[in-house]
Amino acid sequence: MSQQTTLVIFCKRPLYGQGKQRIAATLGKGAAYQIACALLNCALEDARSWPGLVVLSPGSESDREWAEDLLLFNYQVVPQCEGNLGLKLNYVDQLLRKQGASRLLFVGTDAPEHTEQCYLQFDQLLQQHDIVLSPAADGGVTAMGGSCPWPRLDSLPWSTPQLGEQLAGACKDSGFQVAFSSAGYDVDTEADLRRLRESLTNDLRPARRQLLQLIQVLFDGKVKD
């Protein structure tokens with residue numbers, strides 16, 4: 001993979017009772033919190049194996065210190081601004097490009113099925129195209145990369161099934177060449193966790209093994225709020 005692509009991980013600090021509400025609704029707040037922590041660890045695992053620069057982008061300035069303590073190697077922390085996800089992406093993208101970044105790959109912490117092969121594909125496509133999107137099964141995206149600044153993203157329907165299509169359309173309307181990687185999945189519901197029981201069965205990465213073990217315990221009913 002090219003050393004020139006910067007991996008940017010958008011992350012939220014896991015807090016009990018916040019986030020993963022659809023998982024909390026069926027499995028409880030304790031389960032949702034533990035899943036959020038395990039998913040974050042999977043994203044950090046990917047960061048450690050990324051051959052280029054890594055940026056962690058927590059949800060707010062107040063979480064800067066928390067983010068600075070997450071990884072044990074040299075990386076940059078760039079907190080997000082206020083506003084919707086589109087505003088946040090534009091803000092972080094513009095700031096990093098002013099610092100000299102040329103190719104930026106944005107991921108969240110909800111796609112533990114991303115493999116090393118996925119990341120290799122993202123990077124290779126990004127070296128050949130303006131924009132690379134990884135379609136999610138729910139209509140969103142699991143990764144989005146740009147070798148040029150993003151168009152304005154604040155008016156897009158974030159967190160809806162229309163997001164992926166409209167994001168691609170906005171990029172094409174701005175004259176950018178858009179490529180798509182193989183499709184992936186976000187983890188938002190109990191059904192997604194049940195899918196992970198199958199898809200991660202042969203994944204030997206330590207954080208994925210821990211996530212899988214947690215899921216198995218949850219479905220055995222051994223973890224309570």
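Buried means under 20% relative accessible area, exposed means over 50%, and partly exposed lies in between (1.4 Å probe, protein chains only). The structure is a predicted model, in which local features need pLDDT of at least 70 and side-chain atom pairs count only at pLDDT 80 or more, while totals for chains, interfaces and linings use all residues. Residues are numbered from 1 along each chain as its sequence is written, and side-chain values use heavy atoms, with hydrogens and water left out.

**Exercise 1. Salt bridges**

Determine how many salt bridges a search of the whole structure finds, and characterise the pairs R13 with D63 and E190 with R194.

Solution. 

Step 1. A salt bridge is a side-chain nitrogen of Lys or Arg within 4 Å of a carboxyl oxygen of Asp or Glu. Searching the whole structure under this criterion gives 14 salt bridges.

Step 2. For R13 and D63, the closest N and O atoms are 3.8 Å apart. R13 belongs to the loop between β1 (5–11) and α1 (21–27), and D63 to the loop between β2 (54–58) and α3 (64–68); the pair, 50 residues apart, links distant parts of the chain. Helices (H or I, at least four residues) and strands (E, at least two) are here DSSP runs, numbered from the N terminus.

Step 3. Consider accessibility next. D63 counts as buried because its relative accessibility is 15%, whereas R13, at 40%, counts as partly exposed.

Step 4. E190 and R194 meet through their side chains in a salt bridge of 2.7 Å, N to O. Both lie in helix α7 (residues 190–199), and because they are four residues apart, about one helical turn separates them. E190 is buried at 19%; R194 is partly exposed at 40%.

Step 5. Two further cases complete the exercise. R64 and E61 form a salt bridge at 2.7 Å, N to O, with R64 partly exposed at 28%. A network of salt bridges links E45, D46, D203, R205 and R208.

**Exercise 2. The sheet and its helices**

State the strand order of the open sheet, identify its edge strands, and describe which strands helices α4 and α6 touch.

Solution. 

Step 1. Two strands pair if DSSP finds at least two bridges between them. The open sheet has seven strands in the order β3-β2-β1-β4-β6-β5-β7, and its pairing is mixed.

Step 2. The edge strands, each pairing on one side only, are β3 (76–77) and β7 (178–180).

Step 3. β5 (residues 131–135) and β7 are parallel, with three bridges; L133 stands opposite F180 in β7.

Step 4. Contact means heavy atoms within 4.5 Å. Axes are lines fitted to C-alpha atoms, for helices over the stretch in contact, and angles between N-to-C directions run from 0 to 180 degrees. Helix α4 (residues 85–98) packs on the sheet and touches β1, β2, β3, β4 (103–107) and β6 (141–146), its direction making about 150° with that of β4. Helix α6 (residues 163–173) also packs on the sheet, touching β5, β6 and β7, with its direction at about 150° to that of β7.

Step 5. Turn to β6. It joins β4 in antiparallel fashion through four bridges, with G146 the bridge partner of L104. Its antiparallel pairing with β5 has five bridges, and S134 stands opposite A143. The β5 and β6 hairpin has five residues between the strands, where G139 takes a positive phi near 100°. Six of the six residues of β6 are buried, so this strand is largely enclosed by the rest of the structure.
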